[in-house]
Structure formats: structure tokens, C-alpha cells
Amino acid sequence: MAPTVEGRDATLFPEFPRGPLDTYRARASFSWKELALFTEGEDVLRFKKTIFSALEIDPLFARSPGAHLSLEKYRELNFLRCKRIFEYDFLSAGDVFESPLKVSTLIQCLGMYDWSLAAKYLLHTLIFGSVVVSAGSERHFAYIPKIFSMEIFGCFALTELSHGSNTKAIRTTAHYNPATEIRDPKTLFPMPGVMVGDIGKKLGQNGLDNGFAVFHKVRVPRQSLLNRMGDVTPEGTYVSPFKDARQRFGASLGSLSWGRVTIMGMAVTNLKLALSIAVRFSATRRQFGPTEDEEIPVLEYQTQQWRLLPYLAAAYALDHFSKSLFVDLVELQRGLAAGDRSARQAELGREIHALASAGKPLASWTAQQGIQECREACGGHGYLAVNRLGVLRDDNDPNCTYEGDNNVLLQQTSNYLLGLLACRVQDGACFRSPLKSVDFLDSYPGILDQRFEVSSVADCLDSAVALAAYKWLVCYLLRETHEKLNQEKRSGSDDFEARNNCQVFHGRPLALAFMELTVLQRFHEHVHQPCVPPSLRAVLGRLSALYALWSLNCHAALLYRGGYFSGEQAGRVLESAILTLCSQLKDDAVALVDVIAPPDFILDSPIGRADGELYKNLWGAVLQDSKVLERASWWPEFSVNKPVTGSLKSKL
């Protein structure tokens with residue numbers, strides 16, 4: 001049974017300040033508090049409040065409008081803040097495996113404040129620390145308390161300066177020397193043969209010190225090798241508990257999946273922040289109207305709804321998926337730590353790798369496009385740096401690149417699906433996976449015979465309709481990609497060239513469609529489970545349907561080309577259903593962002609503040625960030641119904 005709001009103290013659900021947003025909040029079809037409790041759970045909500053409250057009252061985290069720190073000062077401040085986060089002891093070493101959602105929650109809360117801080121903490125604890133636990137053995141566990149006390153600080157180095165991130169063909173080599181069986185911990189200077197440096201200023205996240213390392217004939221003790229997957233004996237013999245190289249590779253992929261799954265959550269968090277700003281702005285910014293004397297909030301316009309609300313639905317769907325995949329990854333790491341060498345464990349590693357490899361591109365691109373739409377939807381106000389949308393856009397941008405370029409990563413997922421189909425063709429193997437993401441492909445031939453038969457908008461307002469269409473689309477693209485690959489090989493191309501020639505219009509859309517289907521499948525099941533409170537079923541169902549149809553509409557050409565759609569009616573029904581759902585969700589939009597928005601101190605956007613006093617907050621921020629020295633006697637009192645006039649109105 002789902003938890004209820006009754007009996008929770010006011011500190012968990014503080015009331016929003018009265019203001020211009022009250023009108024939309026009163027129209028909501030559900031209680032935002034109830035949805036927050038259902039989505040997050042009481043423990044996570046209290047944990048978030050603890051983090052946010054600590055940051056807001058600590059002078060080290062004080063916001064400084066107008067302060068433009070040098071690169072060196074920003075990085076120094078970021079390091080001190082990271083150190084303070086460890087001092088607060090929000091997480092213990094055991095929480096990484098015992099309370100996985102606590103880990104992702106802390107990273108996302110820190111990211112809402114500043115992604116430079118979150119990334120520094122993430123790389124040290126989750127990427128560096130968890131890999132020591134999952135890929136190391138008992139001889140390495142002494143490092144764990146030192147990691148969480150910051151006695152040692154880790155980094156993640158994968159991309160080679162003159163080569164790239166092809167991990168299988170990495171050119172940095174290690175040669176075993178039986179005769180001799182590394183920064184200096186006291187001085188922190190690099191050891192002999194090691195050169196380190198900074199790569200310079202970036203487009204965003206400049207509080208994070210990204211650098212390079214060069215190794216020239218550096219000796220590393222054999223005992224430093226993380227040896228859970230494979231080890232070297234004192235005599236120089238390589239040994240591994242995995243007898244099958246494919247199983248060993250599948251198990252080792254979990255280490256790379258940590259970063260990619262976490263980036264999904266980071267991207268979704270950025271999208272949530274941008275939507276919180278843009279939706280609140282849209283509910284208070286008035287422009288034009290049915291008469292010259294009556295201006296209406298821009299959220300009332302269909303175009304504004306169509307621009308923002310599908311991204312709001314996407315934020316909810318992707319948020320649920322990223323959290324659930326994070327839990328799946330923890331299950332994989334627990335198995336590795338327990339010594340599970342089963343075929344299922346190896347297959348779980350491959351499946352999570354495939355999902356993370358497509359999930360990161362889908363989430364980061366959706367956030368990238370959504371943040372830009374939010375920026376434009378806020379007009380000239382969105383272009384002001386003080387409203388934070390530009391920072392969010394720049395800080396989100398590297399999510400499309402690090403831990404693997406998005407377009408390159410998608411090949412991992414399409415190759416996974418093609419490999420399963422090859423096993424089916426050659427050996428008659430069933431489509432089965434531990435997380436059941438590919439089980440529907442067992443009905444592959446029958447699904448391809450299906451057609452879109454919905455004729456009315458009303459029948460289309462259920463995400464089950466889009467689910468059926470997506471299953472057909474994935475089967476169609478899988479067949480087309482498989483046939484294209486074989487055609488290339490028959491034409492004389494080797495495997496490398498054949499796969500290279502199959503990416504743009506085959507492998508890439510196959511991976512994305514499969515990922516969208518997987519996200520939708522999990523969200524559909526989540527919002528239709530029996531424990532969903534009756535008062536939340538309608539709004540969650542609409543979010544699921546809107547995300548499904550909006551995403552599916554991007555593939556309309558393929559649906560027509562493959563014969564699933566026929567005639568004009570199919571496309572028209574799809575478009576009409578999207579606009580109908582946007583209209584139905586319009587009055588719920590402010591309450592939906594109230595669920596996902598952090599406190600004003602963390603959101604740090606005058607036009608996105610919870611009181612909705614758009615012009616007061618914006619002008620106050622402008623004054624803080626400017627050199628205005630005194631208040632003139634003619635100073636205006638702003639309200640949402642009295643926009644700035646005359647010379648004070650922004651030319652943007």
C-alpha cells in the first residue's frame with residue numbers, strides 16, 4: 001500500500017509562499033505532496049531535506065551573485081566544499097551497496113547546487129571508490145576508509161590523449177617484472193616518470209579540475225592490481241576465475257556502467273531544474289490575450305504547452321528508469337562482490353551495459369534539447385545568466401560526450417541486439433535476459449504482422465497503444481539492420497566496414513527505439529501498478545501516455561515506411577492525442593514541477609522561485625548583480641499583474 005501524506009510533519013512538506021502561482025496550484029487534480037511521497041518515499045525526501053538545509057545554512061555554500069571567481073579560486077572553493085560534504089558524513093562506505101538510492105540522491109542534490117561539486121564527489125566515491133570495492137579484493141579494502149576520509153583522492157583516467165577511448169585497444173601497456181614483484185603520499189608531488197597537468201578552461205563545470213597524466217616507465221606494485229576479474233601470480237602467470245572470456249568481459253563491463261548510469265540521473269536532474277524554471281515562468285508571464293485589456297499566462301497557449309509538457313513527461317519517465325537501472329547495477333555489483341560466476345550474472349552485466357550505453361545518449365540528448373527549449377520558452381528572461389538556464393545547458397553538455405560519445409555508445413546497444421538475433425537464427429535460441437528487456441523479441445515474427453488499428457483520439461490516450469507500436473518498431477528495425485549487415489557482407493565488406501555502413505539509418509535508430517521502449521515499458525508498469533494511489537492514477541497515466549506518443553511521433557516516417565501506419569488518419573490521431581494530453585496536463589503542470597523542484601536557494605533562479613513573484617525576484621537579482629547604489633524615489637512595486645513598463649522593460 002502506498003504511503004499517505006497524513007501524519008507527516010510540516011517540515012517534510014512546507015507550504016509554498018502565497019503568490020501568483022496559487023491559481024495554478026489550486027487547479028491541480030492531485031496533491032503534489034502525495035505524488036512526492038509516492039515518487040520518492042519518505043526516507044529519500046527527508047534525506048534531501050537534510051542535504052539542502054545543510055548547504056543553505058553553511059556559509060561555505062553561500063550564493064554570491066555577481067561574484068566571478070578565477071579558475072583557480074573556483075577550483076579551490078569547490079575542493080573545500082567537497083571536503084565539507086565528507087565532513088557532513090551524509091553517506092557511509094556501506095551505503096553504496098546497502099542504500100543505493102541514497103547515493104544517487106546525494107549526487108543529484110549536489111548537482112542541483114553545482115555540478116562541479118557533484119562531479120568531483122561522484123568521481124571520487126562512486127567511480128573510484130566503488131570500483132575498488134567491486135573490482136578489487138580483500139587486499140584493497142584498506143583503501144576504503146581512506147577514500148571516505150579524503151586521505152586519498154581518486155581520479156578516473158580512460159581516454160588516451162592521442163588515441164581515444166577504445167578500451168579494448170588501449171595503447172598504454174603494463175609489463176610484469178618478477179624481480180620488482182605510486183603520487184607521493186606525503187608531498188603529493190607526482191612520482192618519477194609521471195607527469196600531470198590541467199587541460200584548461202571548459203565550456204562548463206569549471207570547478208572540476210580535469211587534467212591529463214603521462215606515464216613513462218613507471219613501476220606499480222603487483223598488489224595494486226584490482227584483481228577480482230583477473231590476477232597475475234608472482235611468477236607472472238595470468239589467472240582468472242572466469243574460464244569464458246565472454247563472461248569475464250561481461251562482468252567487467254559493470255565498472256564502466258557506473259558512470260553511464262549515473263550520468264543518466266545527472267541529465268534528468270538538469271532537465272528537472274530547467275522545467276521547474278520554465279513552467280513556473282510560463283504560469284506567471286502574461287502575454288497578449290483575447291482582448292487588449294486582458295493578458296493571459298503563456299502557459300495557456302497550446303504552443304507553449306507543446307514545447308514544455310512533453311519534456312516534463314520525459315523527465316518523470318527517465319527519472320524512474322534511471323533510478324531503477326541504478327538499482328539493477330547495484331544488484332550486479334553485489335553479485336560480483338559475493339563471487340557469483342554464473343552465466344546469469346555475466347548476462348546481467350551485458351544487458352546492463354547495453355541499457356546504459358543507450359540510456360546515457362537518450363537521457364543526455366533529451367535534457368540537452370529540453371533545456372534549450374526551456375531557455376527559448378522563457379524568451380529574453382531565459383537568456384539572462386542570473387536565471388541559470390545557460391549554466392544548466394553548458395553543464396549538461398558534457399553528458400553527451402564523457403563516458404563515451406553518444407553516437408559511438410549506441411553501437412554497443414545495437415550490436416547487443418544483433419548478437420541476440422544471430423543466436424536465434426543460428427541456434428534457435430530464445431530471446432531471454434535477466435531484466436526481461438528483450439523478452440518481447442521472442443514473438444518477433446508475429447509482432448511484425450501487427451498493424452496500427454486505433455481510429456480515435458480517446459483510444460490513443462493510453463501508453464499501452466504506444467508500447468505495442470514500439471515493439472513493432474524495434475522488431476522492424478532489428479530485421480532491417482540485420483538484413484543490411486548481411487547485404488554489406490555479401491557485397492564484399494569485412495565485418496568492420498559492414499557494421500560501419502549500417503549505423504546511420506539502421507543501428508542508431510534501432511538502439512534509440514529499443515531504449516525508448518525500455519524506458520516506456522518500465523514507466524508504464526510503474527504507473528499502472530496496484531499500489532498507485534487512486535488520486536494519482538489519472539495524472540501519472542497522462543504523463544506516461546504523453547511521453548510515449550511524443551517519442552513515438554518522432555518515428556512516424558519509419559512507421560509509415562514499414563507499413564505499421566497506413567493512411568492519413570494514423571498520423572492525425574497521434575498528433576491530436578499529443579495535443580489533447582498537453583491540454584489535460586496544463587493545469588497540473590505547476591504542481592508537477594513542485595514535486596521535482598528543489599528549494600529556491602538550490603534552484604537559484606529568480607524567474608523560477610516558488611512564490612511566482614516574477615518581476616520582483618528578477619529585479620532584485622539584477623540589482624544584486626549590478627552597480628546600482630541607491631533606491632530612487634520612483635522605485636516601482638512589481639507584481640505579476642503589473643509588468644515593468646517604459647524604460648525598465650527588457651529590450652529582449
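Predicted model: local features only at pLDDT ≥ 70, side-chain atom pairs only at ≥ 80, totals over all residues.
Reader: Which residues in α17 meet which residues in α20?
Author: S463, A466, A469 and Y470 in α17 meet S544, A545, A548, L549, S551 and L552 in α20, where contact means heavy atoms within 4.5 Å. Residues are numbered from 1 along each chain as its sequence is written, and side-chain values use heavy atoms, with hydrogens and water left out.

Reader: How do the residues of that contact divide into nonpolar, polar and charged?
Author: The contact of α17 with α20 has seven nonpolar residues, three polar and no charged. Here Ala, Val, Leu, Ile, Met, Phe, Trp, Tyr, Cys and Pro count as nonpolar, Asp, Glu, Lys and Arg as charged, and the others, Gly among them, as polar.

Reader: And at what angle do the two axes cross?
Author: Helix α17 (residues 463–490) and helix α20 (residues 534–553) cross at roughly 35°, and their axes come within 8 Å. The axes are lines fitted to C-alpha atoms, for helices over the stretch in contact, and angles run from 0 to 180 degrees between N-to-C directions. Helices are DSSP runs of H or I with at least four residues, numbered from the N terminus. The crossing is left-handed, a term for a near helix turned anticlockwise from the far one by less than a right angle.

Reader: OK, another pair: how far apart are the axes of α10 and α23?
Author: The axes of helix α10 (residues 302–337) and helix α23 (residues 589–596) are 11 Å apart, and these helices pack at an angle of about 35°. Their crossing is left-handed.

Reader: Which residues meet there?
Author: From α10 there are L309, L312 and Y316, which meet A589, L592, V593, V595 and I596 of α23. The residues of this contact divide into eight nonpolar, with no polar and no charged.

Reader: Switching to charges, how many salt bridges does a search of the whole structure find?
Author: The search finds 32 salt bridges, each being a side-chain nitrogen of Lys or Arg within 4 Å of a carboxyl oxygen of Asp or Glu. As background, side chains of opposite charge can pair when their charged atoms come close.

Reader: What does R307 pair with?
Author: R307 meets E376 in a salt bridge, at 4.0 Å from N to O. E376 lies in helix α11 (residues 343–377) and R307 in helix α10, so this pair ties together parts that are 69 residues apart in sequence. R307 is buried, with a relative accessible area of 19%, whereas E376 is partly exposed at 39%; buried means under 20% relative accessible area, exposed over 50%, and partly exposed in between, with a 1.4 Å probe and protein chains only.

Reader: What about D58, which residue does its side chain meet?
Author: The side chain of D58 meets that of R84 in a salt bridge of 2.7 Å, N to O. D58 is in the loop between α3 (42–57) and α4 (71–88), and R84 is in helix α4, 26 residues away. D58 is buried at 6% relative accessible area, while R84 is partly exposed at 27%.

Reader: Why are K83 and E87 about one helical turn apart?
Author: They are four residues apart in helix α4, which means a separation of about one helical turn. K83 and E87 form a salt bridge whose closest N and O atoms are 3.0 Å apart.

Reader: Where is D89, and is it buried or exposed?
Author: D89 is in the loop between α4 and α5 (95–98), and it is exposed, with a relative accessible area of 53%. Phi of D89 is near 60°, a positive value in a residue other than glycine.

Reader: Last topic: which residue does UniProt list for "active site"?
Author: The unreviewed UniProt entry lists E403; such annotations may be inferred rather than shown by experiment, and positions are given in the numbering used here. E403 is in the loop between α13 (389–396) and α14 (406–427), and E403 is buried, with a relative accessible area of 14%.

Reader: What does E403 touch?
Author: Not counting residues up to four places away in sequence, E403 touches F156, L256, G259, R260, I263, K360 and L409.

Conventions
Helix = DSSP H or I, 4+ residues; strand = E, 2+ residues; numbered from the N terminus.
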